[in-house]
Amino acid sequence: MSEGSDDGLPADAPLGSAVVRMMLGAQLRRLREGAGLSPEAAGYQIRASRSKISRMETGRVGFKERDVADLLQLYGVTDARVLTSMLELASQANAQDWWAKFGDVLPDWFEPYLGLEAAASLIRTFDLQFVNGLFQTEAYARSVASIGLRGAGAAEVDRRVGVRIRRQELLTGARAPRVWSIIDEAALRRAVGGPEVMRGQLRHLAEIARLPNVTLQVAPFRIGGHDAAGGAFTVLRFAEPDVPDVVYIEQLTGAMYLEKRADVDHYLDVSNRLGARSLNPAASMRFFSEVLREL
Amino acid sequence: MSIQDGTGVEPLSFDTSVAHPARVYDYWLGGKDNYEADREAAEQVIAANPNVLPGVRANRAFLRRAVKYLVQEAGIRQFLDIGTGLPTAENTHEVAQAVAPESRIVYVDNDPIVLAHARALLTSTPEGATAYVHADARDTEKILQEAAEVLDLSQPVAVMALMVLQYVPDAAHPGQIVGALMDAVPAGSYLTISDTTRDIDLERVTEGTNRLNTRMGATQLILRTRDEMAGFFGHLDFVDPGLVPLPQWHAEADPAHIIPAYAGMARKS
């Protein structure tokens, strides 16, 4: 699921929804196969062709919620939680993503991330250079956006900051995911935007850490080298049992989306070791104050 | 520096190339916190004994029924949960706090990574408390000392040891471990235990256990008899119906599968 994997999608489809469609499609295929049904038989149920089922299962077309409900019934899915979560996915797959109107300032490799992030039940991050976008203050986000955009106009920086701030509504929304984030001390010491901006950012982190669904842990310099040698990454987990975790790694000119079990296992292992070695949440809170004082 | 304040600088001995009981259990429950070695071991056990899947689900259902009983019928508000495992749906504090939000739960596990998950993901209601103790079940002194920071040990406590004493060898005296914990809590406290048994469905259980044990590291699953398990309760008074096949304990529905495990709860008077 890297760049270019979206071939076959209508050009005007928001990519975020596309990723959700792929997830939903993969799950529908597993359920159909589990029920021992052919694509023809499934198509008959919703008055559609074999190829329509195939396009649905590869996430290349939108889903009518009614069709999804009918298929789930045909496949013998009765667990209310699975039904609800699949229908929720179907509704997200069709929704006009809020970020669609920011298309001009969003790199095409980042948009799928927004779709996955919005659908995740657990977000695990490791951050090294910068404070994670989900936790950035507006001033900090503005400094980061300006660094990456030497020569960009103020309007463009504004729009980039706007996306970032809008994204953060996820943390407190009705379907807020659990977020478990590990921050390297380096990201706390690097005074992006200057000491004043950084002080605000550190205070904000302490506030974020109080959210009931957020766990922040600091990986202090004194633990020495650690397993996340390659840098920042995010692991997204979805409530649906059959949908695999996705690892997201951002680079300067693109991003990688890793879904293969061996890759995901490796990043989970690194996250787990970091989680065990880093400061616990209470000690991390004290650490924020410590860095704040020394700034 | 201890792992407890998080500055755990000691090298981690967490080996992902051999099966780990918490991660195998996670796989059986449909979780995603497991690795290739765990999945392979878990599948091997399923092939030998397909009832392992309804078995682990039945144990989670037993946890739910037991905690509900303790909160609703016995008025318990403090829990000491030994062998936390990886977080799943309806963990002890969630079941307890759904009924009594002020409930206080101390989770104990000897594995730093399991504990990091618990600390990050098993968080309390604002009214209650959850805390996490990094200790081996055998180290009852450390468990009690750290639990006392969150629990009032002069008030009744429910000690939970679900599918955990089966990993404690006879040489480490599992009965003495729970005995020491129960000695430290007052009358009105409860002990709840579930474990796999060799009394039920022996052939398949033995084959499944052998397959698991050859794929795990130092930790090994030990199958015990009902009599051996009954001994863990010492002189405590069993809550009806006593130590019974796990699905039968306060059953809400007729069990559809043969589950090779016993479960019981007893009260200190």
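This is a predicted model: local features need pLDDT of at least 70, side-chain atom pairs count only at pLDDT 80 or more; totals for chains, interfaces and linings use all residues.
Is A:Glu57 buried or exposed? With a relative accessible area of 6%, A:Glu57 is buried, since it falls under the 20% limit. A:Glu57 meets the side chain of A:Arg32 in a salt bridge, with 2.6 Å from N to O. A:Arg32 also counts as buried, at 6% relative accessibility. Because A:Arg32 belongs to helix 1 (residues 15–34) of chain A and A:Glu57 to helix 3 (residues 50–57) of chain A, the pair ties together parts that are 25 residues apart in sequence.

The model as a whole scores ipTM 0.87 and pTM 0.84. For chain A the mean pLDDT is 86, and 92% of its residues reach 70 or more. Chain B has a mean pLDDT of 92, with 95% of its residues at 70 or more. In chain B, residues 1–13 have a pLDDT below 50, and this stretch has 35 contacts in the model beyond near neighbours in sequence.

Chain A contains an open sheet of six strands, arranged in the order 3-2-1-4-5-6 with mixed pairing. Its edges are strand 3 (214–219) and strand 6 (255–258) of chain A, each of which pairs on one side only. On average, and with direction ignored, neighbouring strands of the sheet are turned by 15° against each other. Strand 1 (residues 122–127) and strand 4 (residues 233–237) of chain A pair in the antiparallel sense over five bridges. A:Thr125 has A:Thr234, in strand 4 of chain A, as its bridge partner.

Two helices of chain A can be followed against this sheet. Helix 11 (residues 261–277) of chain A packs on the sheet and touches strand 1, strand 2 (178–184), strand 3, strand 4, strand 5 (246–250) and strand 6 of chain A. The direction of helix 11 makes about 110° with that of strand 4 of chain A. Helix 12 (residues 281–294) of chain A also packs on the sheet, where it touches strand 2 and strand 3 of chain A. The direction of helix 12 makes about 65° with that of strand 3 of chain A.

A:Arg189 is partly exposed, with a relative accessible area of 31%.

Elsewhere in chain A, helix 4 (residues 65–74) has A:Asp67, A:Val68, A:Asp70, A:Leu71 and A:Leu72 as its buried residues. Just after helix 4 of chain A comes A:Gly76, which takes a positive phi of about 75°.

B:Arg224 and B:Asp170 form a salt bridge in which the closest N and O atoms are 2.9 Å apart. B:Arg224 sits in the loop between helix 8 (202–215) and helix 9 (226–232) of chain B, while B:Asp170 sits in the loop between strand 4 (158–162) and helix 7 (174–183) of chain B; the pair links distant parts of the chain, 54 residues apart. B:Arg224 is buried, with a relative accessible area of 3%, whereas B:Asp170 is partly exposed, with a relative accessible area of 47%. Salt bridges that share partners also join A:Arg261, A:Asp265, B:Glu36 and B:Arg39 into one network.

The contact takes 29 residues from chain A and 25 residues from chain B. About 2300 Å² is buried between chain A and chain B, and carbon and sulfur atoms give 50% of this area. In chain A, the residues that lose the most area to chain B are A:Trp180, A:Arg273 and A:Ala276, together 23% of what that side buries. Two salt bridges are found across the interface of chain A and chain B. B:Asp33 forms a salt bridge with A:Arg237, with the closest N and O atoms 3.0 Å apart. Over all chains, the structure holds 29 salt bridges.

How values were computed. Residues are numbered from 1 along each chain as its sequence is written. Chains are lettered from A and ligands numbered from 1 in the order in which they are written. Side-chain values use heavy atoms; hydrogens and water are left out. pLDDT is the predictor's confidence in each residue, from 0 to 100. Contact means heavy atoms within 4.5 Å. Two strands pair if DSSP finds at least two bridges between them. Helices (H or I, at least four residues) and strands (E, at least two) are DSSP runs, numbered from the N terminus. Axes are lines fitted to C-alpha atoms, for helices over the stretch in contact, and angles run from 0 to 180 degrees between N-to-C directions. Buried means under 20% relative accessible area, exposed over 50%, partly exposed in between (1.4 Å probe, protein chains only). Buried area is the accessible area (1.4 Å probe) that two parts lose on being put together, summed over both. A salt bridge is a side-chain nitrogen of Lys or Arg within 4 Å of a carboxyl oxygen of Asp or Glu.
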